[in-house]
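Here are my notes on the model you sent. Please read them with the structure open.

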Amino acid sequence: MEKTVRILHILQRMEAGGTQALLMNLYRNIDRTKIQFDFLVEYPDKQFYDDEILSMGGRIFYSNVRNDKNIFRFQKQLGDILRKYKYQIVHVHAFTIGYFCLRTAYKCGVPVRIAHSHNNETVRDSKYLLKRIMQKLYPIYATDLFACSKEAGKYLFHSKKFNVLNNAIDSSKFTANPAVRDDVRKELQIGKRIAVGHVGRFHAQKNHDFLLDVFAVFKKKHSNSVLILVGSGDLESQIREKISALGLDDSVMLLGNRKDMNRIYQAMDIFLLPSLFEGLGIVAVEAQAAGIPVIASDGVSLDAKVSPLIHYVKLSRGASEWSEAAEKALKSEYCHKNMQKYIIKSGFDVKSTAGFLQNFYIKKSGMK
């Protein structure tokens, strides 16, 4: 009998996103002789973290449910996987199909079924009503509830008891380093310009439209500034069009998805996070760990305030006030300083979080 407890995580895909970054940070820091991670994703194509997962001994099961919308075929596939590999723990991160995942796990006799909340709001599009219905159904078959913040837990689980699992990072990798800062700024040809940064999928939730408005205002006063955008997504073409419309083609760097974000943050001078909503906002924690002042919207969880470097400004205040807040934050005494003690004290260092989750899995599985 296999001594290692394998956990099946279910989510949309292992792309370059906040939830995925958390899972990979945990995966790298757990004792993989005791706990292993496997992944069932909703898309059939290879993704950002797949090679690393396989190199660490994880399995990846691909489905096509996001494309064919065949939830019955998906449930059969999941049931086959659960019966074949005899999982004791299923950890679900996708609320839209979470109800079906947890119900299937229940029918297959999986004793530990975790529903995890990663957001504190939902995009209000044509599917909003359906998504709200699925959110209400999500925890019905769960034995345990997790959330990335208090707001995310209350949003999805209301008065039910849940565990907050911080979106932890390896703080030692993000610590401000003047030599690395100089190297990355040379690589990106930033020179002495003020580098405004943002990391996030090109998705409506991340509010790039407003972000560009803010930078346009900031640029008028600070002509020697540049905007660094890290990420990819369905709205990339629209974002590029707006960049051109604002006459910012020579002032915006689109870096795509990066696996060296601990280095890229070092090149920044200010970080903007104008999201419409965020369950936590792990990028805000990473930026603070790197000694970068952060201006965050009122849609970002207050749990992301892990140091004196973050300041919240309501989106309703408009682009001009955001620009002014960014300018003021540049003068913070904490800029480019070692902030690791703040990350550790706030409970966002991955070593302690990985230890907590590992012990939780071991206890729930009955492994000695």
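1. Ground rules. Helices (H or I, at least four residues) and strands (E, at least two) are DSSP runs, numbered from the N terminus. This is a predicted model, in which local features need pLDDT of at least 70 and side-chain atom pairs count only at pLDDT 80 or more, while totals for chains, interfaces and linings use all residues. Residues are numbered from 1 along each chain as its sequence is written, and side-chain values use heavy atoms, with hydrogens and water left out.

2. Overall build. The protein holds 16 helices and 13 strands. Its C-alpha trace spans about 65 × 45 × 40 Å along the principal axes. The radius of gyration is 21 Å, which agrees with the value near 21 Å for a compact globule of 368 residues. That radius is taken over C-alpha atoms, and the globule rule is 2.2 Å times the number of residues to the power 0.38.

3. Of the 368 residues, 58% count as buried. Buried means under 20% relative accessible area, exposed over 50%, and partly exposed in between (1.4 Å probe, protein chains only). Contact means heavy atoms within 4.5 Å. Among contacts with a separation of 6 or more, 70% come from residues 24 or more positions apart.

4. Two positive phi values. Most residues other than glycine have a negative phi. Q189 is not a glycine, yet its phi is positive, about 55°. Q189 sits in the loop between α9 (178-187) and β8 (194-199). N207 also has a positive phi, near 60°, and is a residue other than glycine. Its place is the loop between β8 and α10 (208-221). Are these two residues buried or exposed? Q189 is exposed, at 65% relative accessible area. N207 is buried, at 14%.

5. Helix packing. Helix α1 (residues 18-29) packs on helix α16 (residues 350-365) at an angle of about 80°, with the axes 9 Å apart. That makes α1 roughly perpendicular to α16. Axes are lines fitted to C-alpha atoms, for helices over the stretch in contact, and angles run from 0 to 180 degrees between N-to-C directions. Under 35 degrees counts as roughly parallel, over 145 as roughly antiparallel, 65 to 115 as roughly perpendicular and the rest as oblique. From α1, N25, L26 and N29 meet V350, K351, T353, A354 and L357 of α16. These contact residues divide into four nonpolar, three polar and one charged.

6. Cysteines. C101 is buried, with a relative accessible area of 0%. C335 also counts as buried, at 13%.

7. N163. This residue is in strand β7 (residues 163-164). N163 is partly exposed, at 27% relative accessible area. Leaving out residues up to four places away in sequence, N163 touches L145, F146, A147 and F360. N163 and A147 are 16 residues apart in sequence, with C-alpha atoms 6.2 Å apart.

8. D298. This one lies in the loop between β12 (294-296) and β13 (310-312). D298 is partly exposed, at 49%. Beyond neighbours within four places in sequence, D298 is in contact with V313, K314 and L315. The C-alpha atoms of D298 and S316 are separated by 9.3 Å, and the two are 18 residues apart along the chain.

Key:
Ala, Val, Leu, Ile, Met, Phe, Trp, Tyr, Cys and Pro count as nonpolar, Asp, Glu, Lys and Arg as charged, and the others, Gly among them, as polar.
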